[in-house]
Amino acid sequence: MDPFTPRPRPVGRKNNLSLSTKEYAKVTGTIASARRNRRRFEDEEQTNGHVSPPSESRWRGNFCLEPSFISEESFVRAPLNSRIVSGTTATRSKGKAREESLDAFPLEVQEAMILEDLLYVLMGIEGIHITYHEDYSPEDDDALQGIRFTVSKRLDPSLRDLVERVLPLAMYYTAISSFIELRGHLDLGRVNHALCAALRDMLKEYQTLLSQLEHAFNTSPQFTLQKLWFYVHPTIHTLSLIYQLTTELAATENPGSDSSLSSGEDPEDAARNEALGLGGAKLKAVLSEIEAGADGITVKGGEVLSILHTRMQHTAGDPAARALYGTLLRAAGRPYVEMLQQWTRTGTLTDPYEEFCVKESRFINRGTLEMDYTDEYWERRYTLRDGSTLGSLNKRHQAGVPPPRAGSGRLPGGACIPPLLESWKHKVLLAGKYLNVIRECGIEVQKVANLRDDDLAMDDERFYKFIEDDYSHANRTLLQLLLRDQGLVPRLNCLKRCFFLSHSSYLTHFLDLAHTELRKTAKAASLVKLQSLLDIALGADAHGDDMPFREDVRVTMATTGLYEWLLRIVNVSGVIGDEGDVAGDGGHDEHHSHKKGKEKDEKKPMLAIDALQLDFNVKFPLSLVISRKTILRYQLLFRFLLYLKHVEQALSAMWLEQQGPVWRRTDVPPEFAAWRLRLFALRARMLAWVQQILAFVTHEVLEPNWRALDAKLSKVTTVDQLLRDHVDFLDTCMKECMLTSSKLLNAFSKLIVTCSTFALYTSSFTKDANKALLAAETAEGDGGAKKRSDFLIRFETNLNHWLRIHVNCVQFYASSENVSLLPLVVRLNSIKPTS
């Protein structure tokens, strides 16, 4: 027999099984109508002096005239009579005969009758002489605005004036009761639920006061309307403050513009696409924001606390109002404080109603994001709902950040951070993030042992001390994990030696071994062979504490040239801005020449030496520090140094070849001797320029900045400071290496291409020298001297032109914005272009 398997609950089950306001008003109106008909028949019988038999008096037509629980509205929604919103427009005729004879009674009797009515009305129940306002309609009027009552005009004017002073209390009470009924459900958030619980407790005190007043009315003959006014006068001010609060909360939200997903879209898929930025979710979010705005978002979470705090600040001159709003703020903020403490102490986010300032994208995990998974996981898994980041003080408008409300400019729902937490929001976010990193590494997060903090509130100084302590604890724990357990510093040393060529002997060995393979195109070169040659070169040069991490160094091929990629980054990021023309003639043709060079590069395949770059495999959590964004900076600097090293090696090989017997002969014609001298001088200037750039970059940029970073790492106290110092170090190196200015990049790329192209003609120059010497021994003489001279003049002109532009650019930037280029100016003065 198969075991019994219960069926799952249907998804579309209704969350709220209670009657709506309109349904409840209809039911109570029907009951009240039956009750009025019963009283009308009783009045007619008493007037005619006829007493019906029991059976006849019990039933009259189709109406049951016997009092029962059906006619008592207090049984409809127990336990409080105040929860009822009863009556219709027909109730205005209730007790008409008695109302007409009200002015016939003495003043004392009128006062007693109006007191009895008033005690009912203060509970929200219509009386005989105090009835609903003539414009009131339970079906049409907003229950959150309260029920307006009016007193009979036949009442004595002195009594009527005093009653009208008390009547606003009934409107406040009915409005607050309706607010609690409508907003006290858990599906509107824990903050709203806690606020309604606090309001309900205050209404209990109000109901206790009414019970005491009713007891005094029934037992004490001296109880008068003046005494009633004396007792309820302070309560009117208190309930008026609560009424203003509930009215503002209701006016802020517009339930009629509640936006929903399209019928053909799965809510779970929509949430995942929005978190991952896929499937046009951002476009849909922007369009929905344009159509609906923020009016469809419920007032909950941080927005409720912000409204409470704002009202408390605006009523600072009223001690009663400040005390009342302060009490409500502490009560409503208790669930918010609990969520915050759980987040900052354990790294667990429990926010089922999206009220907290931190948002979790549950669909983002390390397996979902294939590219740059660790860095994106860190950046996008947990974010602030208002879209702000540490790097930018302004709020960044994202697809997941709702637009501000039209009236107040306040972000809706949980995206609104309480003003008391505004300056602490980044520490709150980072404290939980750090603990999440530790949990991802499989380390159990131990809860910080604090003193009793059950009564902590947002206006308590101890609360912010605990936030600071939690943040410091999470910082120290993660910092110890990165520096000690994961070995961050040895890995950074490995990056320095491999990418910054602090021990460049391995690179020279690698370039010699892979010389044949690097002359191929990037697509034809074998990455497996290059990786094997790199392992051999690193193994021969292995020493130091970073030796175990050299296995993480990998050879890859870039798809874009170095200078095209750098120019693209500079132009998009806007690092340079609108600068004046400091490059002479070259500055006018920069954009045009860049487009021409780009078209040529697209037609001509890139060589392996131009596309070669290194990569470094880093595991979580070290990838938070050595992320893909930082590795990109390391790669750009490495390619810059690699190309300089390659050109230097090519010019040095040219110098070695020109030490042969052909170039050392003394019995040569004067034309050949002059050409040879110009060739040697040109090669020496190119080599000097390359070596000066390489020495400046390695000895005066990378090494001093690395020592400064090493000193900061030994004193670092927080993880965000560690991340900031590492990124600042790389950005400083990029700037001082002249890789963030389009004009410097343009002049440098022209010069380096000129030098590398010149080095390619090494064998051609040797052949020309042999031909010139052989032709000089013949009777015809050397006929190619002019051709050789013209060819060399082209290189000299090009070098002098771009070297002049480069020197001018370096001098300009050294005197304006980059003082670190001053040593390079001194170095380049030794190889000034010839006139």
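Colleague: Where is the place of Met738 in this structure?
Modeller: In this predicted model, Met738 has its place in the loop between helix 27 (719-736) and helix 28 (742-760).

Colleague: Is Met738 buried or exposed there, and why?
Modeller: Met738 counts as buried, because its relative accessibility is 4%, and buried means under 20% relative accessible area.

Colleague: And what is phi of Met738 near?
Modeller: Phi of Met738 is near 65 degrees, which is a positive value in a residue other than glycine.

Colleague: Let me try Glu354 then; what is its phi near?
Modeller: For Glu354, phi is near 55 degrees, again a positive value in a residue that is not glycine. Glu354 belongs to the loop between helix 12 and strand 5, and it is partly exposed, with a relative accessible area of 48%.

Colleague: What about Glu355, where is that one found?
Modeller: Glu355 is also in a loop, the one between helix 12 (319-346) and strand 5 (358-360). Glu355 is buried and yet has no salt bridge.

Colleague: Which side chain of opposite charge is nearest to Glu355, and how far away?
Modeller: That is Arg190, at 5.5 Å, whereas a salt bridge would need a side-chain nitrogen of Lys or Arg within 4 Å of a carboxyl oxygen.

Colleague: Switching to the surface, which residues form the negative patch?
Modeller: The negative surface patch is made up of Glu134, Asp135, Glu139, Asp140, Asp141 and Asp142. One of them, Glu139, sits in the loop between strand 3 (130-132) and strand 4 (149-151), and it counts as partly exposed because its relative accessibility is 36%.

Colleague: Now Leu249, which helix is it in?
Modeller: Leu249 lies in helix 8, which covers residues 225-252, and it is buried, with a relative accessible area of 0%.

Colleague: How far apart are Leu249 and Ile307 in space?
Modeller: Their C-alpha atoms are 7.8 Å apart, although the two residues are separated by 58 residues in sequence.

Colleague: Last one, where does Ala415 lie?
Modeller: Ala415 lies in the loop between strand 6 (382-384) and helix 14 (425-440), where it counts as buried because its relative accessibility is 5%. The C-alpha atoms of Ala415 and Lys300 are separated by 9.7 Å, while the two residues are 115 residues apart along the chain.

How values were computed:
Residues are numbered from 1 along each chain as its sequence is written. This is a predicted model: local features need pLDDT of at least 70, side-chain atom pairs count only at pLDDT 80 or more; totals for chains, interfaces and linings use all residues. Side-chain values use heavy atoms; hydrogens and water are left out. Patches are made of residues with over 30% relative accessible area and no salt bridge: like charges are joined within 9 Å, nonpolar side chains (Val, Leu, Ile, Met, Phe, Trp, Tyr) within 5 Å. Accessible areas come from the Shrake-Rupley method with a 1.4 Å probe; for residues, only the protein chains shown count as cover. Lys and Arg count as positive and Asp and Glu as negative; His and the chain ends are not counted. The place of a charge is taken as NZ of Lys, CZ of Arg, CG of Asp or CD of Glu. Helices (H or I, at least four residues) and strands (E, at least two) are DSSP runs, numbered from the N terminus. Buried means under 20% relative accessible area, exposed over 50%, partly exposed in between (1.4 Å probe, protein chains only).
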